[in-house]
Structure formats: structure tokens, C-alpha cells
Amino acid sequence: MNFLQVIAKRLVGMALVITIASFLLSCLMWQLPGDPAQLIAGGAPEGVVSAIRVEVGLDRGVFGFFWHWFSGLLSGDFGKYYLNGGTRDVLEVIKATLPVSLQLILYAQIVALSFAIPLGLISAYKENSRFDRIVSSTLFTLVSFPSFALALIMSLIFAVKLGWVDPIGYVKPSENLGQHFKLMVLPVISIAVGLTSSYTRLLRTDVIATLKEDYVTMAASKGISNKRVLWFHVFRPSSTTLLTSAALNMGGLIGGTIVIETIFVIPGIGYEVFYSIGARQVIAMQTLILLISFAYVFFNTIVDLLTNAIDPRTRERRG
Amino acid sequence: MKTRKSRPVGFYLAGSWLGLMVFIGLFGWILPLPQWDEAFFDDLGVGPFSPRHLLGTTQDGYDMLAGLVNGARLSVFISFASVLIGGGIGALIGITAAYFRGKYDLIVVSIFNILLSIPNLVLSLALLSVFAYSDADNPASTNRRVMVLIASLIIVIIPILGRISRGSALQWTNREFVLASKSMGTKSFTIIFKHILPNVAPAILSIGFLAIGSVIIVEGSLSILGIGIPGGASWGSMLANGRGNIAYSPHEVYLPALFIALTVISSNWFGDYVRSSLDKRESKI
Amino acid sequence: MSELLTVDGLSVQFATPRGNLRAVRDVSITLNKGESLGVVGESGSGKTVLSRAIMGLLPSTATRTGSVVFKDQELLTAAPDVVRELWGIDMAMIFQDPMTALNPVRRIGTQVTESLIVRLGMDKKAAKAKAVEILKRVRIPDPEGMLRKFPYQLSGGMRQRIMIAIAVSCEPQLLFADEPTTALDVTVQAQVLELLTELRRESNMAMILVTHDLGVVAGHTDKIAVMYAGNIVEYAPTRQLFSNMKMPYTEALLKSIPRLETPTGTRLPVIEGRLPDPTKELVGCAFANRCAYATDKCRTETPPLTDGGNNHYYRCWFPIGGAN
């Protein structure tokens, strides 16, 4: 009962935040110098411009403009791109680009976790050893290394100088799986390096705390190998913060990969934002930015609710 | 996090680099360097360590070193201005919200949440593309761009530092010495400035250094997306311009990338040092 | 009876920022097969460190000197892997706090069968059957259902039984029980002690029972070592110790136990003063500054461990009732 109330409260809060953010976005677009309808039309004749103006609700004042767009969103009408006389549904574009971004994020998360988990476990187990110190300071340096700088330097070395991969482009996994992964390598590493650093640091801290627990000594006293103690008894109870942070990043990375997608010309949602800004597609811009914000807020709320749900039991478990 | 042994070395290196960048940012124009925006048509795309151009030139004949020194000016200015102003406003709003609570706090927290719901790069992208709108008919000047960029970054920074200041201040507003001071009828603003601010300041300062790093990254990202500072006036802009020439003159890319990376790493190390010395102070109590 | 464990001159030091901390000083004990020894002392006396030092479960900041021979094998100089082979199968440990010594995210079944599968190489089915049998032996109702539970669903007494079940699952010859009843209710304490004694008799298992409570060891051990400031100060068969106590410290410990006969409201005598600084070398008797009978001799000359006959040893210049 109580928990349902908490859920209801959080969902209402989330809806409010999203609605107000949408309204602010509309106000922002309304502020564009000159006539937004002309920007959208991109030099089309006056007849087309006034048709667009009516179609997107720019003739009804800022509130009318917001409501026209926002109520459309709620009923599944995500707006249109107006290009060279033709139109394209924003929803269709999202359907085509979102999976690409999700692939990129998913690969980056997998790579980051598969490096961070062993690194975090071992450096915690060997706390203050030479290995730990080298890993810690390397990761601290890497976490502050801008991902676009890394992306450009890697593409300079591996694509331009060595010619191992193509510097830009994207191939669907269904078309050519090998080529798909080959093109994804550099963008995925660019995103994964920062993630690996922060995940390793989170896990290391928690593992150091867990290693002091009685049940770890107890497990060791069974005579099982250190490796088994670490993987079977230490890792699971230490992974809560890591998994929470990884889940939160899923929300933040949608759209957060905008620069990497642009550098490597990967047709994901971030690249689409960049494109819609360049093409002055006001409506598409609004919708895409809102989608990115929604993903971010949505994941935050869900993760928050889940940790809330698990928390009392966890506290009880820890005794 | 960091070990005691390695900290001083990293700390001094980071400090020296930051100091150097601030110095050349402020006094770089004194140096005997060519004009950063003057093209040398005899030396197009010269590599580093050539006799007339220490760090080489771009494919368009601009001197790299002069560009980097000039870029430091803009980067230092943009990052310090936006972090100082945004951090100052954010800290003030956050601390007063924590102190007065009630409706004011509720409104502040809601606004922070709304602004934080839009990822910061996307938010500055949207703000910049609207307020520094430029096309062939009405080009926005570099100065206007810089001002709008700083304004956008301030809007992005306010909720980030505001939330941290509020959280940090909440731990102090109910401490005995604050309550004692309140009960003696001390004015709210005196309490905030005398008792709360000094305790919250180290936390704000360490996040502030991290924010300087983030601002430099955001500036670079925006340039790469083509809506930052134009014409190679900032490091990010040099990087963005050089991207197309990466195959012929890689130094156009890796030099600004190196400067950005070193500055970001240095400000993060510095922030980390501030935080860990703060932790030490806490643990001594 | 044959000797299972011989500890000779064992000392343990911890490297700390304040200097070397001497937790155990020159301790010698022997234990035969099936025999049980109580190690008694107040907190900080080194009794827990002693049991962990014998088993080899100390953190890397600890250094051990002396000798520990278990089943004719020297453990102090043995390779870590050799010692680890003994853990669980030849020697096992029950920990003080059942609330923290079970892994919170693993089912009881997984934790009980782990040794059986990993150490004894049983298959899952056999291990499960054996686990049910062990849980029955430690008197857990509905053992099959218990296997599916998580630790947080159980009471402290139940968890302690699970821990005992894990410890005895591979039928070790030596069991360390580190304050196994301290965290439990009084009524549950008695049940757990009964259970341990019973398990010990059934399989002729030797046990080292570490406790701060002389009352706990009285009915459940064959002999008792009283520890103070890392030293053994009195060492005797249980009966002998209770009938002919020599050490003022042991007497003080016994007086501090509440009894049913004591009228309510009586203030229990506490041992005044504190343990000596463990980072300093001892001068004279370690207990001298808290002892009612101490003289100048006690403060300046360290008493040796004296053989009082009947396997009774004590470390005192002026034993109660005089030397035997």
C-alpha cells in the first residue's frame, strides 16, 4: 500500500517535470530570431511557409504552439521534418535511429563492465599494492580524458595511419555482422573508457568494504580458493552500486553519445539531434530533445523505485 | 582513492599546468608570436618543430602555437567565467534553499530537477542554437557567440552546483552552533555567510574544479557539433577545423586535443586533491 | 589418546601505525583427538586472535612466530595452499556473530552445500541430501524448506545452527568455536552449547571454545586456558580449575558472572582498571595493576608459567591457596 503511494508520487512528479521541461523547450523555440516557420521551411515559397505555420501551430501564440505539439505527442503524433517540399515523420526517424544508439550504448556497457568487474575486484583484493596504484591512477586519468579527444586520436591512429578500420560509417548487423562490429569498435571504446573508469572505482570501493565482512572470512575458512571467495561470495553483495550506476547510465547515454555519433557518422538518435539542429527542424528538435530527457528521467525514476523496493530487505539482510 | 605517495607529484603537475594555462590565457598576447588569425601562405600545413613555426601550421597556414595560446585565453575565460558566475548563483540559491526550507526550497528543488532532467550537453546545445542563431543572412559575431555560450553554460551549471550546495548545506543548518546562533537572534544572512558558507565552501570548490573540466569538454563538443566558437578561436574550434585535415596534418587534431585533455585532467586532479584534503579535515574531527 | 594439535611458543604481532601490537605472547597448548579446550578471557585478551592464528585466518598485517603442529604437520611454515587444504575438512570455524557471518545474498542451501561440492567433490543431488541430513543433525525443522531460504529470513539462533552445520559438514577433526553464543539469547545459548557437545561426542571431534564467560566453558570442556593480555595465565583441567583456582584474575572473572542465587539489585563486581597497552613490552605481572593481592614483586618481576602438578599451570607469584 505504502509502496504503491510512493510509486504514484514518483510517477506524478516525473510527469510534471517532463511537462514543464516540454513547455520550456517550446518557449525556447518560440524565441528563435525571425520566423520559426521560415526556418523549418528552409527557403520554400511563402505559401508553403504559411501552410507549415498553421500545421505546427505557430499561429496560435506560445501556449497554442506548445499545446499543439505536446497533445500531438500524447496521441502518438511526433511531428514531421519538412525537407525540400517533402515531409518525414519524426516517429519513423526515431524508430530507425534509436536502435542504432541502443546498440552503441549496449556494446559500450558490456565492454566497460567486462573490464571494470575484474579490475575492480582485483585492485580491491590487492588494495594499496603496486597493481592497485597503477590501475587507480591510470583510470583516474582516463576518466577525465574527453571522449571526443580519445575518439579523434584513436581514429587518427587506427583508421588513418594503420588503416585497420574505416574512420566513419555504420552497417546494420543484419547486413554484415563482421563489418558492423568492425565499425563499432572505435566509437564503443571511446564511450567505454570513461565508463570503465567510473565503474571500476565504484566496485573497488564496495569490494574493499565487503572484504571486511565476517561472511567473507567464513567463506575463506571453508578452504575454497581465493578466486572462488572473490567471485562467489564477494562480488554479488558488492555489486549493487555498480549495477545502479550502470542502469542510470542507460538513460544518460541516450543522447549523451551525440558527439561520438557525430564524429563517427553513426545514424543514431544523437546524430539525429545534431542533424535536426543543422537543418533548423524546430519540431523535430523539440521532440528529440524531449525524448532524450524522458529517457533520462524515466531511467532515474525506475532505478530509484527499484532500489527503494530492494532497500528494506537489503538493510535487514545486512543485519 | 589516490595513494598518499603519488598525490604530491600529480598535484604539483596539475597545478603547474593549470597555472601555465591561466598565465598564457591572461598574458599570452605579450609573447612574441605571430597573429593567431593571420595566414602564412608560404607555410601551409607545416609540421611541428619547423624553424618559423614551433608547433607547425594548419593546412590554411595558421600558426598552431599562436592558436593554442589564443585558445587558452578563450578557454580559460569561458570556463572560469561560467563556473564562477554559475557556481556563485547556484551556491547562493542552494544554500538559502537549505536554510529557509519551505515553499522557496520546494520551488528551487523543482526548478533544479527540471533543468537537470535535460542532459547538460543537450541543454547547452539547444540554448546555443537558439540564442546564438546564425546563418548567411545574419551571422552572429564571435563575441556574441562567446557571451551566449557562457550564458548557456551558466544556466547548465546553476542547478548542478546548486543541488550540491543545498545537499551540503542541509548537513549544517541543523548543527548546534547554527541553532545557537539563531536562538540569539542573529540575522539569517549573517548566519549563512559566517557559519554555513565556510563549511560548504570546500565541497563547492572541489566540484567547481570538476566543473571547469566539464565546461572545457562541453565547449569542445559544441565546436565539433559545429555550433561552438567559430574560426579556430578556441581549442575546441581548432580541433573541429582540423578534423578534416586529420590525414595530412594530424598535429592539427592531436595538439588541441592534448591541450584540452591535459587541462581537463589537471582540473580534475586538483578537484580531487581539494576533496581528499577536505576528507582528511573531516576525519580529524 | 593421541595428540592432534600442539601449539608451542606461539606469538602474534600486528603491524599498526602506533607500532607493533602484541596480541598473543608465547602461548603453548596441546589438544588430543576428541578433546575440548575452553579459552577464556575478557575482550582484548587475545583469545580470538589465538584461535585464528592457529587456523591461519589472520590478515596480512599479522606475523606469527613459534610453532603450530596439526596432525604432525607444521602449519606456520607450510605453504598457504597446503593450509587451505586443511580448512573446512580437517579444521573448521564457527564465528561469533551469526548475523554477519552468513552471506546475505546466497541461499542457505548454497552455503551449506558449498564445502560438500567444492571440497568433497559431491554432485549437487548428493550434496543436497547430505545437507538435509546435517541440518537434521543440528535440529533444524523442515530442512528441505530451509535450503531455499535467505539468511535474513532466520532468527539469530537458527543462523548459528546453520553456521554450525556448515562448519561440521565435512566432519572436521578440530572445530574452533569463537564466542558461538555471545550474540544469542540466554535460552538459545544453552541449546547451542548442548548441540556442540553432542556433535563433538558423536564424531570424536576436538573443539576449541573461545569465550569471555567462564560459566559457558564449565560444563562443556575438558580443560581451560585463561588468557590475559595475550598470555595464558592459568591452564588446567576444567574440574581442577574450578575446585582449586590459583590465579586472582580467574577468580575475578568467575565473580563477575551473574548467578541465580544473587539477590536482584546486587551490584556485580567488575574488574577495575584496564588491560595493559598491547604495543608495550610487559614489565612484571600483566594483571598487577588490577590485582587485589599485588605486591612490589608483581610489578617488577614477570611471573613464569608455574607447574602446580595435576596438569595445573598458573602465572602468579602469590597463587590463591598457596602453591600446591
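Author: Buried residues make up 44% of the 324 residues in chain C; a residue is buried if 20 or more other C-beta atoms, placed from the backbone, lie within 10 Å of its own, exposed if 12 or fewer, and partly exposed in between. Keep in mind that this is a predicted model, where local features need pLDDT of at least 70 and side-chain atom pairs count only at pLDDT 80 or more, while totals for chains, interfaces and linings use all residues. Residues are numbered from 1 along each chain as its sequence is written, and chains are lettered from A, with ligands numbered from 1, in the order in which they are written.

Now the overall form of chain C. Its C-alpha atoms fill a box of roughly 65 × 50 × 45 Å along the principal axes. Look at the contacts in chain C with a separation of 6 or more, and 64% of them are between residues 24 or more positions apart. Two residues are in contact here if their C-beta atoms, placed from the backbone, lie within 7 Å.

What is chain C made of? It has 11 helices and 12 strands, where helices (H or I, at least four residues) and strands (E, at least two) are DSSP runs, numbered from the N terminus. Eight strands of chain C form an open sheet with mixed pairing, in the order E6-E7-E8-E3-E9-E10-E12-E11; two strands pair if DSSP finds at least two bridges between them. At the edges sit strand E6 (91–94) and strand E11 (306–307) of chain C, each pairing on one side only.

On to the neighbours. Chain B and chain C do not touch, and their nearest C-alpha atoms are 15 Å apart. Chain C does meet chain A: 26 residues of chain C are in contact with 20 residues of chain A. On the chain A side, helix H9 (214–220), helix H10 (226–238) and H14 each supply at least two residues, and H9(A) gives the most, with six. By class, that side of chain A has six nonpolar, five polar and nine charged residues. For these classes, Ala, Val, Leu, Ile, Met, Phe, Trp, Tyr, Cys and Pro count as nonpolar, Asp, Glu, Lys and Arg as charged, and the others, Gly among them, as polar.

Of the two pairs of chains in contact, chains A and B share the most contacts. Here 40 residues of chain A are in contact with 37 residues of chain B. The largest share of the side of chain A that touches chain B is six residues, from H7(A). That side has 26 nonpolar, 12 polar and two charged residues.
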